[in-house]
Amino acid sequence: MKYVLKKLEDEVSTWPHVSVHSHRFGGREFLFGKAEVGHVHIGGIVDIPFPRSVRDALLVEDLAEEHHWVPNSGWITFRMRSETDLTHALWLMRLSYLRYGLKTANDPQKLFEEASEQLHLSPQFKSLLEPFVPKTANHVVAELLSA
């Protein structure tokens, strides 16, 4: 399992703006700035925060479990049992990462479209994540006001 966890950490640590730290309950946590993208425990448990609507959809689609300690929250748990689970764990991490990446992207709409395709997001997940796409017009207005 250590090998699989190392592969997950090695991949997530290459994503822009992500830093890796020791987690207070053991394992490793992945931060985008100060926001937690998710963390992994030594035994292969992957915990990831999501907006409640995304979390609920993940549970309904059987793509994750309720969080093992705080089940009535936006957090999910995914149990990596073997290397075959790595792809799905990375998909979940990337889904969490996307919300933060959209906030800093030069062209958030383009990033959203590209990530939706790369992650093979269903129309349901696209509609749940679309509210996190900043409106480009707002960035332009803010730039004009600050000029």
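Leu58 first. Apart from neighbours within four places in sequence, Leu58 is in contact with Phe50, Leu63, Ala64, Ile76, Trp91, Leu92, Leu95 and Phe125, contact meaning heavy atoms within 4.5 Å.

A word on the source: this is a predicted model, where local features need pLDDT of at least 70, side-chain atom pairs count only at pLDDT 80 or more, and totals for chains, interfaces and linings use all residues. Residues are numbered from 1 along each chain as its sequence is written, and side-chain values use heavy atoms, with hydrogens and water left out.

Leu58 is also among the residues with the most contacts inside the largest nonpolar core, together with Leu8, Met80, Met93 and Leu95. That core has 39 residues. A nonpolar core is a set of buried Ala, Val, Leu, Ile, Met, Phe, Trp, Tyr and Cys residues joined through side-chain atoms within 4.5 Å; buried means under 20% relative accessible area, with a 1.4 Å probe and protein chains only. Helix H3, residues 86-104, gives the largest share of this core, 11 residues. Helices (H or I, at least four residues) and strands (E, at least two) are DSSP runs, numbered from the N terminus.

Now the sheet. It is open, with 6 strands in the order S1-S2-S3-S4-S6-S5 and antiparallel pairing; two strands pair if DSSP finds at least two bridges between them. S1 (18-22) and S5 (65-66) are at the edges with a single partner strand each, so one side of each has no neighbour in the sheet. S1 is joined to S2, residues 28-32, by 5 bridges. Ser22 has Arg28 in S2 as its bridge partner.

Technical notes
Buried means under 20% relative accessible area, exposed over 50%, partly exposed in between (1.4 Å probe, protein chains only).
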